[in-house]
Amino acid sequence: MLVFLFRVGSSEPTVRCSGCVRRGCQPRSRLTNFSMAIVHQLGELFLGAVPTVLLILIFYFLMKSLFFKPLLAVMAERDARSIGARKAAEAAQTAAAEKLKQYQDALKQERVKLYAEQEAARNKLLDERAALLKNARAKSGEEVAAGKQRIAGELLAARGDVETSIPQLASEIASRILQSPASPSREVR
């Protein structure tokens, strides 16, 4: 068994052999042999790994040139297209929103014009109607006045006829009243 001891002020360990029967044993030679064996094994391991590392490097460069470069180029092109398409879609959406706003503004202006035209036509019709009503009232007033004058004339003519026929009617009424007690049967008929 080897024991490592550190001296004060020294960074190298002092090795002593505790399991040796001999006093003059050189523990450093065992440590050196052990470390040389490890180094030798590591060297053999690295030499055995060189073909694998070379194969991996060759495989990496082949895959990089034959697979990854085209794949990355296609992915970059796809990203560029999708970003371009997204930008184009956003631009088209912005343009469509602007066109929609212009359309709505134009529609609003046309509605205002249409309502103004309708209001003007309505006012014109109301004015025409008022004029027609005024004319109709004037005509009906004239007709009523003419009718009143005609009726007044007829009334005067009828009064004149009645006044001229009053003496004759009075004599007839008187003669009938006087004749009535003698023959009541004539009047019943």
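**Salt bridges and exposure in a predicted model**

Guide: In this predicted model, R150 and E154 join their side chains in a salt bridge, 3.7 Å from N to O.

Visitor: Why is the R150 and E154 pair called a salt bridge?

Guide: The cut-off is 4 Å between a side-chain nitrogen of Lys or Arg and a carboxyl oxygen of Asp or Glu. The N to O distance here is 3.7 Å. That is within 4 Å, so the pair qualifies. Side chains of opposite charge can pair when their charged atoms come close.

Visitor: What separates R150 and E154 in helix α1?

Guide: About one helical turn, because R150 and E154 are four residues apart in helix α1.

Visitor: Why does R150 count as exposed?

Guide: Exposed means over 50% relative accessible area. R150 has 52% relative accessibility, so R150 counts as exposed.

Visitor: How many salt bridges does the structure hold?

Guide: Four. Among them is the one between R81 and E77, at 2.7 Å from N to O. Another links R122 with E119, whose closest N and O atoms are 3.2 Å apart.

Visitor: What makes R81 and E77 a salt bridge?

Guide: Their N to O distance is 2.7 Å, which is within 4 Å, so the term applies. Both residues lie in helix α1, residues 27-179, four residues apart, about one turn.

Visitor: Why is the R122 and E119 pair called a salt bridge?

Guide: The closest N and O atoms are 3.2 Å apart, within 4 Å, so the pair qualifies. R122 and E119 are both in helix α1, three residues apart, about one turn.

Visitor: Why do R122 and E119 count as partly exposed?

Guide: R122 has 46% relative accessibility and E119 has 38%. Both values fall between 20% and 50%, so both residues count as partly exposed.

Visitor: What is the pattern of the whole protein chain?

Guide: It reads β-β-α-α along the sequence, with two helices and two strands.

Visitor: How many of the 189 residues count as buried, as a percentage?

Guide: 3%. The chain exposes about 17300 Å², with carbon and sulfur atoms supplying 64% of it.

Visitor: Which share of the contacts between residues at least 6 apart joins residues at least 24 apart?

Guide: 6% of those contacts in the protein chain.

Definitions and conventions: Residues numbered from 1 in each chain as written. Predicted model: local features only at pLDDT ≥ 70, side-chain atom pairs only at ≥ 80, totals over all residues. Heavy atoms only, no water. Buried < 20%, exposed > 50% of the residue type's maximum accessible area, 1.4 Å probe, protein only. Contact = heavy atoms within 4.5 Å. Areas by Shrake-Rupley, 256 points an atom, 1.4 Å probe, with all protein chains shown as cover.
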